[in-house]
Amino acid sequence: MKPAGFDYVAPATLDAAVEALAAANGEGKLLAGGQSLLPLLNFRMTRPAVLVDLNGIKELSFIEKRGDHVAIGALTRHRDIEHSPLIASDLPVMSAAMRHVAHLAIRNRGTIGGSLSHADPAAELPMLAMFYDARLAVQGPGGRRTIAAKDFFVDALTNCLEPEDIVAEIEFPILRHDGWAFEEAAKRFGDFALASVALSIRRGASGIEDARVAVMGVADTPLRLGDVEKRLVESGIDGRISDRFAEWVASSVTPNSDLHASGEYRKHLLAGLAKRAMTTALAMKG
Amino acid sequence: MNILPGNLRFGARQPVKRLEDHRLLTGKGRYIDDQPAGNALWLYVLRSPHAHANIKSVDLEAAKAMPGVKAIFTGADLVADNVGTIPTLPIFKRADGSPASFAPRRLLAHETVRFVGEPVAAIVATSRVEAQDAAEAIAIDYQELPAVTDVKAAMRPGAPVVWPGAPDNIAAVSSYGNPEAVAEAFAKAAHVVSIDNIVSQRLVPCAMEPRSTIGEVDPKTKRLTMQIQSQTPARTRDSLATDVLKRAPDSVRVRVGDLGGGFGQKTGLYPEDGIVAYAATKLGKTIRWRGDRIDDFVGGTHGRDLTSTAEFALDAKGRVIAYRVKSIGGTGAYMSGTALIIPLVLGPFVATGLYDLPLVHFEIKAVMTNTAPVGAYRGAGRPEAVFVVERLMDAAARQTGIDPREIRKRNFIKPDQMPYKNAVGQTYDSGMFAHMLDHAAKNADWDGFKARKKAAEKKGLLYGRGLASYIEWTGGNAHKETVSLQATSEGRVVLHSGTQAMGQGLETAYTQMVAASLGIPMDKIDVVQGDTDLAQGFGSVGSRSMFVGGTATAVASVDLINKAREKAAEHLEAGVADIEYADGVLRVAGTDRKVGLFDLAKNESGGRLSVDSTGEVDAPSWPNGTHICELSIDPETGHVTVERFTTVDDVGVPINPLLVTGQIHGGVAQGVGQALMEAAAYDSSGQFLTATYQDYAIPRASDLPNIGVTLDDSAPCKTNPIGAKGCGESGAIGAPPCIVSGVMDALASYGIVNIETPLTAAKIWQAIQDAKAAKQAAQ
């Protein structure tokens, strides 16, 4: 054992988990896939009094189509999302992004609820939640409520949940689009992103009718770029559209510098990725 | 050198698959942490959070009251008990001729801490987690002092002083050559080529198995048995016994077991080993310490850290007529056993590379900073030195317009100059450097480069070719090894060797040698290493295990046959001269009178027919060769993709080409890591920024191309009977300059001549932007 001591409970239902978490009086932590929590525990950077293990709650693991959206249970493993035919057909940007989520061993264990709750600004799933305008169903002592992704991510590694809340499932509205792309640059394949762009468009007679753009690795939270989406819809499709898109995306962010890359470099990377993303999306049959 | 009968084949050139793999890959290895917990107490090492501070007071009261705590030791306790410090070689001098000066390396800091991660207290408890919990309850009042982490900053007047004995932070210096003659040569040179800041940055050696130690005292005899992850068990034992515990070496036994990588980081005694030994002795209990990965990052020795300014004077034909290098070697806050010898001696041994450069002037300063101690890491001094000369040779090729192969060939030592004594007095016995270069160029399809470059450029990529020729000094100045070889009455042959397997495959290589020499099947041969009660050689450092340890094994094989012939002569009542040995049977020539080797063992004491044999080589061996790579760079991102990597390596006679190729592969991978991504970084306050694999990047399989290795044995080693040269480190020597050469070639059109490694995408991109900006400004 490396972590500081803690009590461990393994409830079999979501209600029991909420109860256990509430009983911990703000000193509890949820264990899902453990891919971020266990290192933090082992370095003793976090010291919960109680660890509530969600892995026995079967009801939290599913991928379902429900009308105009796909619902994913919080305990669904990255690997299952990566290989889901339903995700591939209805949430293709998510499907493409999943192979960038860390490494195989981590994808086998890591869960979508865990990744969203951890709120790493350079992780793919929080960005996809922003991108798809996802709704997070959260269970707390007062029952279930829904939080929009845009309200969920507050800061780097910080979400808006109360200490006794548990993310139960996430709804991803299906985009009826005809072109999309996911682009990411990392130091090595599988590392946290230095910069990443997700793009989806629907084309019509006058050009782009609807657009979705999100970025990550370039701010304290993933960002959906609503202004850029608007400009895309207003702008026609011509030979310069990819360049304009790249400029708009890059000028929307002011990334920080750190040990791995300067802010200027991240911004440049982002522009390059955006250009490539638009070129890819436009190359799909409209 | 031992003279051996010429008809023994020693199993050379056989690509036998690793015999140890089945055991290791199926979980049957015996690493230290595989030991059952038993009733051992656990020791936890509390480390300094400050880079430089005085310890004003230590409050242990709360910690001592924690559950399970049996004892807590601080630096003061060790001083009171007269526990010694960990030594380094005492042969170096400061510029004024006074002895080298540096802080004593204590097991636990006393009064002052000098780097983040320095051990300050050791807690012994019934479980590991209790010991760690108690460590958190220790209250230490630190008075923080200014710290310095950069070697150049450390040399500036007024810089924080790491150790008062050396107010300029320079622990020791060395110099070589003839400054006046070199200055004269530069004055009349047709070309002067110089590079200002050639940096082999600080690296973290990354053995798969983090360090750990167990100490156990026999209650009756008081003998101390240590299980230590050491590449050099006997030396580690001697240092622990003599320097630290101040007791007779034979009252301590060091055992290793399987060792999950060393790379030089595990060559010496560590404070944690000493603390465990001290605690075991003091408490009379079995004590275990298990390091986490972070204990290796912050508490293990780092590698490299050499900053050089170098210049060539060349004549009009591209012959280098003089070579001048000024280097700063970072030692860290304390001297590891090898801290000074690496930059001051081992690097200079090969500083002139494969070139005939008699006129040199080298000045090296060993500089202390508030950082972890620097020690050996695969190559230890040679990668740094070869990096400098190869970078300069490339720059010279570009400046003079001579083909990079041609300028090397014009300056290579020629085969007819062998044996060749280099500028610092080291003698190369053999080598066909131009031949190796040509062979590598052929294997790398040198002429096909243009077409590949064109194809890459069509895709919008930059494309470059890197070339580096390397030479390595091997042997660790330890040219003797004693092994014991035994035939047992149970029908087995057992070899005890003081060299230490840590992934090289020594068990396989020694087994195939013994099998070939004795004509005994390999599955009847046992190789036992890592026990100072069984063998006491120098250990495995400096790529010496095969050419020195293998020589000893070859000698032992001959000795065992000779001894068996004598015993058989008695047994069969015949003259020794009439006894023939073949495949485990001794026979009176021309008769059917015979006795088996293992039957003879039955008459011996303990059922073992045994020889202790010393193998000695005359000199270091000098492996060498040429690496060629091709790589592409995405100018948009700066990302480097290594497309091709080809080596031709002269390791003399390869005993097991499969194992050697694996050694080259591993070394190249680490060299690519050094060139492209690895860097140990401190901030200016002395905090270590790269203490996990999230921030310290090492190459993965997906970052490497196929590595095409060819072993060329046209020039067998002439100073040992088996003809082998060392091979463990050469990949890590050739690869860094080769990759950097390729990147510089790809960036040549921008006029970029030097970027400090690691050449990360971000740095390359920035260099391209800067070059573009400079070009625009100039217009």
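Predicted model: local features only at pLDDT ≥ 70, side-chain atom pairs only at ≥ 80, totals over all residues.
In helix H11 of chain A, the residues Ile241(A), Ser242(A), Arg244(A), Phe245(A), Ala246(A), Trp248(A), Val249(A) and Ala250(A) are buried.

- Helix H11(A), which spans residues 241–251, is mostly covered, with 8 of its 11 residues buried.
- The partners against which the buried residues of H11(A) pack all belong to chain A, namely strand E12 (193–204), strand E13 (207–216), helix H10 (226–234) and helix H12 (263–283).
- Ser235(A) sits in the loop that joins H10 and H11 of chain A, and because its relative accessibility is 11%, under the 20% limit, Ser235(A) counts as buried.
- When residues up to four places away in sequence are not counted, Ser235(A) touches Ile208(A), Ile241(A), Arg244(A) and Trp248(A); of these, Ile241(A), Arg244(A) and Trp248(A) are among the buried residues of H11(A).

**An antiparallel open sheet in chain A**

- Chain A contains an open sheet of 5 strands, arranged in the order E4-E5-E10-E6-E7 with antiparallel pairing.
- Strand E4 (63–66) and strand E7 (143–148) of chain A stand at the edges of this sheet, and because each has a single partner strand, one side of each is left without a neighbour in the sheet.
- On average, and with direction ignored, neighbouring strands of this sheet are turned by 25° against each other.
- Within the sheet, strand E6 (residues 135–140) and strand E10 (residues 166–173) of chain A are paired in the antiparallel sense over 5 bridges, and Leu136(A) stands opposite Ile170(A) in E10(A).
- Helix H1 (residues 14–23) of chain A lies across E6, E7 and E10 of chain A, and the direction of this helix makes an angle of about 125° with E10(A).

**Strand E20 of chain B and its two partners**

- Strand E20 (residues 493–497) of chain B has 5 of its 5 residues buried, so this strand is largely enclosed by the rest of the structure.
- The covering applies to both faces of E20(B), with Val493(B), Leu495(B) and Ser497(B) buried on one side and Val494(B) and His496(B) buried on the other.
- Strand E19 (residues 480–488) of chain B pairs with E20(B) in the antiparallel sense over 4 bridges, and in this pairing Gln486(B) stands opposite Val494(B).
- E19(B) and E20(B) form a hairpin with 4 residues between them, and in the turn Gly491(B) has a positive phi of about 90°.
- With strand E21 (residues 525–529) of chain B, by contrast, E20(B) pairs in the parallel sense over 5 bridges, and here the bridge partner of Val493(B) is Ile525(B).

**Trp42 of chain B**

- Trp42(B) is found in strand E1 (residues 41–47) of chain B, and because its relative accessibility of 10% is under the 20% limit, Trp42(B) counts as buried.
- Leaving aside neighbours within four places in sequence, the contacts of Trp42(B) are Asp33(B), Ile123(B), Val124(B), Ala125(B), Thr126(B), Ser127(B), Arg128(B), Ala131(B), Arg288(B) and Arg290(B).
- Trp42(B) and Ala777(B) are 735 residues apart along the chain, and their C-alpha atoms are separated by 64 Å.

**Enclosed cavities**

- The count comes to 5 cavities of 30 Å³ or more, and the largest cavity holds about 230 Å³ of space.
- The largest cavity is lined by 24 residues, of which Leu306(B), Ser327(B), Pro343(B), Gly347(B) and Pro348(B) are the closest to its centre.
- At least two lining residues of the largest cavity come from each of the following elements of chain B: strand E13 (303–314), strand E14 (320–330), helix H10 (341–349), strand E15 (360–367) and helix H11 (382–400).
- E14(B) gives the most to this lining, with 5 residues, and by class the lining of the largest cavity has 13 nonpolar, 7 polar and 4 charged residues.
- The second largest cavity has about 90 Å³ of space, and of the 13 residues that line it, the closest to its centre are Arg105(B), Phe115(B), Glu118(B), Pro119(B) and Pro271(B).
- By class, the lining of the second largest cavity has 8 nonpolar, 1 polar and 4 charged residues.

Notes: Residues numbered from 1 in each chain as written. Chains lettered and ligands numbered in written order. Heavy atoms only, no water. 1 Å grid on protein atoms, 1.4 Å probe; cavity = no way out; pocket = protein on both sides within 12 Å on 5 of 7 lines; lining within 4 Å. Points joined across faces, edges and corners; volume = space filled by probe spheres on them. Nonpolar A, V, L, I, M, F, W, Y, C, P; charged D, E, K, R; others polar. Pairing = 2+ DSSP bridges. Axes fitted to C-alpha atoms, helices over the stretch in contact; angles between N-to-C directions. Contact = heavy atoms within 4.5 Å. Buried < 20%, exposed > 50% of the residue type's maximum accessible area, 1.4 Å probe, protein only.
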